[in-house]
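Please look over the model below before reading these notes.

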Amino acid sequence: MTWSAQARVRTVFHDVGALVLFLRMVPWQAPAFDAVRHGHRLRALHERMAGGRPLTAHAHRFALPARRSPGAGARRDDDGVAGSG
């Protein structure tokens, strides 16, 4: 690992379209999300947002970049020689 960092991030959504776009761009945030299947809840959320009550989401994010050690990950054959066949 070369360095690490973490942050608590707050994201405020003021319209449902922005939320849907966000969830489509980062499917790991809500793997089961489907705009059609969740349409009734999205419409209710739209009404809430139209009334001046945005959706606020909080996330705890981590960054842990790493580098491969020199020579690590080279494919080894049964004879122990890297890349011989």
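1. Helices (H or I, at least four residues) and strands (E, at least two) are DSSP runs, numbered from the N terminus. Just after α2, Gly52 takes a positive phi of about 90°.

2. The model is predicted: local features need pLDDT of at least 70, side-chain atom pairs count only at pLDDT 80 or more, and totals for chains, interfaces and linings use all residues. Residues are numbered from 1 along each chain as its sequence is written, and side-chain values use heavy atoms, leaving out hydrogens and water.

3. Helix α2 (residues 39-50) has 12 residues and should span 16 Å at 1.5 Å a residue; the expected span is 1.5 Å times one less than the number of residues. Its end C-alpha atoms are 16 Å apart, which agrees.

4. Which residues of α2 are buried? They are Gly39, Leu42, Leu45 and Met49, where buried means under 20% relative accessible area, exposed over 50% and partly exposed in between (1.4 Å probe, protein chains only). These residues cover an arc of only 115° around the axis, so they lie on the same side of α2; the arc is that of the directions from the helix axis to the C-beta atoms.

5. The buried residues of α2 pack against β1 (5-13), α1 (16-25) and β2 (55-63), with contact meaning heavy atoms within 4.5 Å. On the face of α2 turned away from its buried side are the exposed residues His40, Arg41, Arg43 and Glu47.

6. Rings of Phe, Tyr and Trp (its six-membered ring) pair if their centres lie within 6.5 Å; planes under 30 degrees apart count as stacked, over 60 as edge-to-face and the rest as tilted. By this rule there is 1 aromatic pair. Phe13 and Phe22 form this tilted pair, 5.3 Å centre to centre with 55° between the planes. Phe13 is buried, at a relative accessible area of 7%, whereas Phe22 is partly exposed, at 25%.
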